Amino acid sequence: MSSRIINKVLFFWLLITAVESSIVFAQTPTDVPANNKTLSRYLDQTAGMTADEAVRIALENNGELAAMRNELDAGRGLVKQAALRANPSLEASGTKMIGGADNSQMVQTMLPLELGGRRAARIRVAKRELAVREKAVEDRERLLASEVRVKFGEALAATLKLKFTEDTLNAALQAYRLVQARVTEGKIAPLEENMTLVEVNRLRAMRENAAGTTEIAFLELRNLLGMKPEEPLRIRGNFDNLISPLPVLADATANALQERPDLAGLRAMEDLGAAQVEQAKTGGRLDASVTSGYQRMNSSFPLNGITNTGGLRPIQDIFHYFTFGVTLQLPVLNKNQGAVEAAIAMRDAARNRREFGELVVRREVATAFARYESSAKAMEIFRVGVRGQANANLDVVRQTYELGSRNLMEYLVEQRRYIDIESEFIDMQLAVYQAKVEMLRATNSSDLTKK
């Protein structure tokens, strides 16, 4: 026998000896069994929360959205304030002669007329500002609904991965106990027990990672729903029936251009700019205020006069006056030219933003359609040509291993391949789900995503 063969035999003998001795120190998987009860913390297909319910709760409880609604109430108050007419002013004054008895008192009122359409322009600006705030709230509701649906899908995918990992771990534990019994009976080598133990511990580590990912996804979902981190939350749903016929791209684009609140908000900004231009122009027009008043004057001279009866009396009398007048504000030097130019520039900026916004909407709709079509095709190919075949391959390799035609390593390799494929399939389902949510967000529709 050559020295090379002797060395190989000696190497494998030492390897087997080391492996067999390491089994004594290895942690047995029965110490930490898989716990399917953890899934009840996240998934309840009977009483759990659906995606639509999550959206409704988020729209009711989200703090940022509540603040925007408060700002909307403030805008309504500003419209009410803009419609009020200017208050009149009242002025009271008096004079007293030093060293003499002469004095007078005067009361005068003034009422601004707000000529040149000032009040109407102010009301239009306030209403346009309110419209901008309304569209901002609607757009935030649209985006929040999309965020909740995306996070709901991520939480559901994480839960499904956790469930699959725990099911696989339970199956691996059962296989390990069978291998352990066969080793005890002396039917197989202890090496197979150790290899199975390694795979079980690998699945345990995967389960811990999946549990952590699931918990984080649910914490993020709670945050969007306005829930405290410690509040219980269970969801229900699945990724079945994801593929559905698409609407016509041109029709979906037209609907988005007409109905999307962010684009409607840009149009409202453009209308606001036009109203501000008109308001700036009214500020440079003629304005007037009317005044009226009453004056009482007590006047005298340091002389005596002769009465009708021939007697003497001081020359003194009280006089009453009614005063009135008009104050004109003449736009001679300041015609509000700078404010008008600034308002026109802001109006043009709003128009440019609206035109660019329309391009963005068209691009987002087209992108959402392309993403959905590609992800749906990929998922269907994966479901028919990869996932099903991988499951069948695993069954064949398992049966041939149990019959002794294949070794344990081949079975473990095929099992790992199947685990990776199943995880990828869940990711593809999530991608299709998120593509449908993106279509809902891009087209501002309400019937593309119901899962």
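Helix α2 (residues 51-61) and helix α4 (residues 118-184) cross at roughly 135°, and their axes come within 9 Å. This is a predicted model: local features need pLDDT of at least 70, side-chain atom pairs count only at pLDDT 80 or more, and totals for chains, interfaces and linings use all residues. Residues are numbered from 1 along each chain as its sequence is written, and side-chain values use heavy atoms, leaving out hydrogens and water.

**Helix packing**
- The angle makes α2 oblique to α4 (under 35 degrees is roughly parallel, over 145 roughly antiparallel, 65 to 115 roughly perpendicular, the rest oblique).
- The crossing of α2 and α4 is right-handed.
- On α2, the contact (heavy atoms within 4.5 Å) is made by A51, D52, A54, V55, A58 and L59.
- On α4, E141, L144, A145, V148, R149 and F152 take part.
- These contact residues divide into nine nonpolar, three charged and no polar.

**Aromatic pairs**
- The whole structure holds five aromatic pairs (ring centres within 6.5 Å; planes under 30 degrees apart are stacked, over 60 edge-to-face, the rest tilted).
- Y42 and F218 form a tilted pair, 4.9 Å centre to centre with 45° between the planes.
- Y42 sits in the loop between α1 (3-25) and α2, while F218 is in helix α5 (residues 190-225), 176 residues apart.
- Y42 and F218 are buried (under 20% relative accessible area; exposed is over 50%, partly exposed in between, with a 1.4 Å probe and protein chains only).
- F382 and F425 form a stacked pair, 6.4 Å centre to centre with 15° between the planes.
- F382 lies in helix α8 (residues 337-403) and F425 in helix α9 (residues 408-443), so this pair ties together parts 43 residues apart in sequence.
- Both F382 and F425 are buried.

Key. Axes fitted to C-alpha atoms, helices over the stretch in contact; angles between N-to-C directions. Helix = DSSP H or I, 4+ residues; strand = E, 2+ residues; numbered from the N terminus. Left-handed = near helix turned anticlockwise from the far one by under 90°. Nonpolar A, V, L, I, M, F, W, Y, C, P; charged D, E, K, R; others polar. Phe/Tyr/Trp six-rings, centres within 6.5 Å; stacked < 30°, edge-to-face > 60°.
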